Amino acid sequence: MSKQAEESNRSGFRPRWSVLQDVTFVLQALVTRACNIIATYQAWAFNQPVSLDTSSVTTMNYMFFIAAAFNQPVSLDTSSVISMERMFYNAAAFNQPLSLDTSSVRDMTLMFSFASAFNRPLSLDTSSVTN
């Protein structure tokens, strides 16, 4: 670092590019937060059939998180999934038969927490689960 730059830093002066980086970071954070709020609001009322190619998906964390109205049959290829953390967390209306290949899953943390209507038999392979 040059002597002039060192003196500038000691005096509290910040180069213009540094200030612009900070402003850009803050704006990105605000946009991300706004998108998360919108997504959460939309998820709350979501109740549509789900048909997705999930054969290459390795994480399904938060997939139906706060989808409080969701109560549709779920058919997903979960053979590659290693994490299902909070997958049905607060999916309060969900009560559909569920068949999931969980042989590779290592994390099921709070997977069905607050899924208060769910009352179906489950047969899950938990031999790889550590969390």
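**Thr54 and Ser56 in the segment after H2**

Ser56 sits in the segment that follows helix H2. Thr54 belongs to the segment after this helix as well, and H2 itself covers residues 16–45. The model is a predicted one, and the two residues are described here one after the other, following a look at the whole chain.

The protein contains two helices and zero strands. It has 131 residues, and 25% of them count as buried. Its accessible surface amounts to about 8,700 Å², with 56% of that surface belonging to carbon and sulfur atoms. Taking the contacts between residues at least 6 apart in sequence, 43% join residues at least 24 apart.

Is Thr54 buried or exposed? Its relative accessibility is 4%. Buried means under 20%, so Thr54 counts as buried. Which residues does Thr54 touch, once its neighbours within four places in sequence are left aside? They are Met60, Leu76 and Asp77.

Ser56 gives another value for accessibility, 65%. The cut-off for exposed is over 50%, and Ser56 therefore counts as exposed. Asp77 comes up again here: it is 21 residues from Ser56 along the chain, and the C-alpha atoms of Ser56 and Asp77 are separated by 8.5 Å.

To put the two side by side, Thr54 is buried, whereas Ser56 is exposed.

Note on methods: Residues numbered from 1 in each chain as written. Predicted model: local features only at pLDDT ≥ 70, side-chain atom pairs only at ≥ 80, totals over all residues. Heavy atoms only, no water. Helix = DSSP H or I, 4+ residues; strand = E, 2+ residues; numbered from the N terminus. Buried < 20%, exposed > 50% of the residue type's maximum accessible area, 1.4 Å probe, protein only. Contact = heavy atoms within 4.5 Å. Areas by Shrake-Rupley, 256 points an atom, 1.4 Å probe, with all protein chains shown as cover.
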